[in-house]
Amino acid sequence: MTKHYQSSRRRFLSNLGLAGLGLPLMTAKDFMHPFVSKQKNMQQSKKLGIALVGLGGYATGQLGPALLESEHCYLAGIVTGTPSKIPVWKEKYKLSEKNIYSYDTYDQIKNNPDIDIIYVVLPNNMHAEYTIRGFEAGKHVICEKPMAITVPDCDRMIAASKKANKFLSVGYRLHFEPYNLEMVKLGTSKEYGEIKKISGGFGFKATPNQWRLQQKYAGGGPLMDLGIYAIQGMCYTTGMEPIAVSAQEGKKTDLNRFSEVEQSLSWQFEFPNRLIGSGAASYDDNMNFLKAEAAQGVFELTTAYNYNGLSGYTPAGPMNFPQVNQQARQLDAIALSIKNNKPSIVPGEMGRRDVKYLQAIYEAMRTGKRITIKAD
Ligand code: NAD
């Protein structure tokens with residue numbers, strides 16, 4: 001685990017004190033000389049401009065609308081290969097013509113002061129290239145999950161971020177969501193004692209679009225798309241990192257569509273204190289949970305990973321938190337950390353760590369062996 005990631009993690013946990021706002025805590029530096037403070041406020045009041053790269057389902061259904069609600073950033077530009085999408089986006093988000101790019105003109109964003117942050121929302125195998133080109137254009141980058149399909153790609157993305165001296169964040173929206181933050185609080189504070197067993201699963205009957213069924217584009221099946229949420233959930237609830245994994249591919253009921261990637265799979269993480277974490281991901285079975293069985297009772301999310309309608313229980317009864325716009329919170333927290341020149345709480349190092357786990361799970365599934373996960 002890198003130093004950068006450790007400090008981000010610490011901040012993630014300490015932020016929980018703010019009822020899961022996912023926003024940085026005030027520090028002594030925030031109380032400075034009135035003149036400096038006024039300058040800073042002026043700077044902070046400016047919304048950062050975001051350009052969405054790829055106008056598919058997630059950008060259209062979630063990120064665009066969230067950018068209309070966010071306080072610290074707004075949709076300033078788009079990058080699309082489909083000209084027919086432009087009029088609707090232009091009208092809805094009041095985009096100026098000069099802030100509309102194609103994949104061919106993408107690199108010219110470097111000359112555009114309206115764009116502070118590039119948000120990559122493309123098929124998984126394109127994340128690395130468009131993130132690196134974003135840094136080469138001198139912009140901060142948010143990249144959707146999974147960060148990339150290989151660890152070397154993640155390394156290149158992190159190196160590009162360092163070279164450009166710009167922040168890299170991963171679109172891990174649940175770090176800003178109250179029910180999941182409650183799991184982190186209960187688990188890491190050991191409110192109900194030591195966790196004896198942790199499990200998470202995400203799946204539904206899906207007819208995923210073509211790129212999600214192709215190894216080359218997606219890097220795998222539902223594990224890359226959905227299982228990553230269960231990986232994250234088990235890690236942030238326990239505050240631990242797995243040291244080994246075993247995995248099994250599920251039965252394929254549709255051999256045609258799932259000729260290249262798994263249709264479902266399950267895995268078992270071993271955490272350092274002999275804790276077992278059972279995970280599952282599927283494009284066939286319905287599941288959406290994160291469950292911690294602790295010495296003094298069970299706490300769990302029974303709807304854990306959706307955009308809304310989350311629910312959960314503790315030994316004290318049902319959880320009761322507001323349903324929030326997760327993406328607006330995520331975008332605001334990342335924009336604010338950039339404004340304050342503070343590292344993201346969902347940094348590239350965390351995305352890289354998870355790609356390492358994804359790869360270890362696939363290796364365990366393919367070989368039928370227990371795979372050790374190195375701590376780097
Ligand atoms: P999508 O298929 O709906 O959109 C993909 C976009 O990429 C489309 O606009 C498509 O035109 C464009 N594209 C450009 N070049 C392409 C190519 N060569 N092949 C295919 N498409 C190409 O996918 P999506 O659901 O919007 O997912 C995009 C990314 O966002 C994925 O990495 C996914 O994992 C992630 N995502 C994250 C969340 C979340 O909750 N954080 C939710 C959904 C998707």
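Q: Start with the cavities. How many of 30 Å³ or more are there?
A: The count comes to 3 cavities of 30 Å³ or more. Keep in mind that this is a predicted model.

Q: What volume does the second largest cavity have?
A: About 40 Å³ for the second largest cavity.

Q: Which residues line the second largest cavity?
A: The lining is made up of Tyr172, Leu174, Ile228, Tyr229, Gln232 and Tyr236.

Q: And how does that lining divide into nonpolar, polar and charged?
A: The lining of the second largest cavity has 5 nonpolar residues and 1 polar residue, with no charged ones.

Q: Okay, the ligand now. Where does the ligand sit?
A: In the largest pocket.

Q: How many residues surround the ligand, and which are the closest?
A: There are 22 residues around the ligand, and the closest are Gly57, Asn124, Arg173, Asn209 and Trp211.

Q: How do the residues of that shell divide?
A: The shell around the ligand has 11 nonpolar, 6 polar and 5 charged residues.

Q: Why does the ligand lie between domain 1 and domain 2?
A: Because both domains give residues to the shell around the ligand. Domain 1 spans 3–173, and domain 2 is 178–322 + 348–372.

Q: Which side chain has an N or O atom 2.9 Å from an oxygen atom of the ligand?
A: That is the side chain of arginine 212.

Q: How much of the ligand's accessible area does the protein cover?
A: On its own the ligand has 840 Å² of accessible area, and the protein covers 80% of that.

Technical notes:
Residues are numbered from 1 along each chain as its sequence is written. This is a predicted model: local features need pLDDT of at least 70, side-chain atom pairs count only at pLDDT 80 or more; totals for chains, interfaces and linings use all residues. Side-chain values use heavy atoms; hydrogens and water are left out. A residue is near a molecule or strand if one of its heavy atoms lies within 4 Å of it. A polar contact is a pair of N or O atoms within 3.5 Å; within protein, one must be able to donate a hydrogen and the other to accept it, and residues adjacent in sequence count only if both atoms are side-chain atoms. Accessible areas come from the Shrake-Rupley method with a 1.4 Å probe; for residues, only the protein chains shown count as cover. On a 1 Å grid over the protein atoms alone, a cavity is a set of points where a 1.4 Å probe fits but cannot get out, and a pocket is an open set with protein on both sides within 12 Å along at least five of seven lines; lining residues have an atom within 4 Å of a point. A molecule sits in a cavity or pocket if more than half of its atoms lie within 2 Å of its grid points. Ala, Val, Leu, Ile, Met, Phe, Trp, Tyr, Cys and Pro count as nonpolar, Asp, Glu, Lys and Arg as charged, and the others, Gly among them, as polar. Domain bounds come from an automatic or database domain assignment. Grid points are joined across faces, edges and corners, and a volume is the space filled by probe spheres set on the points.
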